[in-house]
Amino acid sequence: MAGFCGSPIRSAGKPMLRIDRAATLWFAFVVAVCGCNSAAAQGRYSLDQHVGSIAFSVGHLGLFSSHGEFHRFTAILALDRVHPERTTIAVDVDARSIDMAWQDGAEKLRSPAYFDVRDYPDVRFTSVSVAQDGPDSYAINGRIEIRGVTQPLSLEAKLVGRPMLAGQDAQTADFVVTGHLKRSAFGMTADPLFISDNVDITIAAHIELDQPRHAG
């Protein structure tokens with residue numbers, strides 16, 4: 001994806017999310033795809049970049065990597081508490097918001113050789129299946145659309161911590177979601193001698209699972 005060398009940009013820190021207690025850890029990993037800023041009724045949540053981050057990296061000549069992220073995205077998360085495997089998520093990323101340390105590089109990423117944001121301003125992901133595949137890991141399979149081309153994409157979500165909020169009776173969860181894709185599958189074939197075809201995706205979220213309960 002990124003055609004340039006640059007130092008890693010600083011991704012969003014660890015924003016907080018509050019979720020209804022009934023949305024337990026089994027479901028919480030789905031939120032790690034991009035975080036949640038406000039819960040709606042009946043298990044549907046509006047999601048955006050204020051409580052999550054979507055980053056990527058790509059190698060150059062096997063020696064170093066470029067890093068970047070998207071600053072704007074929205075999504076709808078639908079939690080099925082009776083049948084968790086029916087939980088779904090649909091994400092819409094604003095490709096124009098792509099950014100990296102070298103601004104000229106970010107501008108080139110928006111060009112027709114890469115994301116072609118003038119003709120294809122959105123990157124879309126829709127889940128197809130969700131399944132637990134380990135004590136603290138979950139498989140999310142879906143389809144991603146980039147530059148008008150749709151391909152399957154598998155993501156692995158891992159729970160990496162369950163810290164308690166200091167001084168409060170509320171548990172949080174730290175998740176990291178990873179995946180890989182080939183840029184050539186979406187028509188991004190520029191600079192093949194210098195830039196790897198493989199792109200790594202990293203998504204992070206810090207989630208507050210419970211409302212703090214205060215004495216009295």
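Phe56, Phe70 and Phe115 form one aromatic cluster, and that is where I'd like to start today. Keep in mind that we are looking at a predicted model.

How many aromatic pairs are there? The count comes to 2. Take Phe56 and Phe70: their ring centres sit 5.7 Å apart with the planes at 50°, so this pair is tilted. Phe56 belongs to strand β3 and Phe70 to strand β4, so the contact ties together parts that are 14 residues apart in sequence. Both of these residues are buried.

Now for Phe70 and Phe115. Here the ring centres are 5.8 Å apart, and the planes meet at 85°; angles over 60 count as edge-to-face, so that is what we call this pair. Phe115 comes from the loop between α2 (103–109) and β8 (122–134), while Phe70 lies in β4, so this pair links parts 45 residues apart in sequence. Phe115 is buried, as is Phe70.

Let's turn to the strands themselves. One of the residues to look for is Gly59, whose bridge partner in β4 is Ser65. The two strands make a hairpin with 3 residues between them, and in the turn Leu61 has a positive phi of about 55°.

One last stop, Ala78. You'll find this residue in strand β5, residues 73–78. Is Ala78 buried or exposed? Its relative accessible area is 17%, and the cut-off for buried is under 20%, so Ala78 is buried. Its C-alpha atom is 8.9 Å from that of Ala90, 12 residues apart along the chain.

Methods. Residues numbered from 1 in each chain as written. Predicted model: local features only at pLDDT ≥ 70, side-chain atom pairs only at ≥ 80, totals over all residues. Heavy atoms only, no water. Pairing = 2+ DSSP bridges. Helix = DSSP H or I, 4+ residues; strand = E, 2+ residues; numbered from the N terminus. Buried < 20%, exposed > 50% of the residue type's maximum accessible area, 1.4 Å probe, protein only. Phe/Tyr/Trp six-rings, centres within 6.5 Å; stacked < 30°, edge-to-face > 60°.
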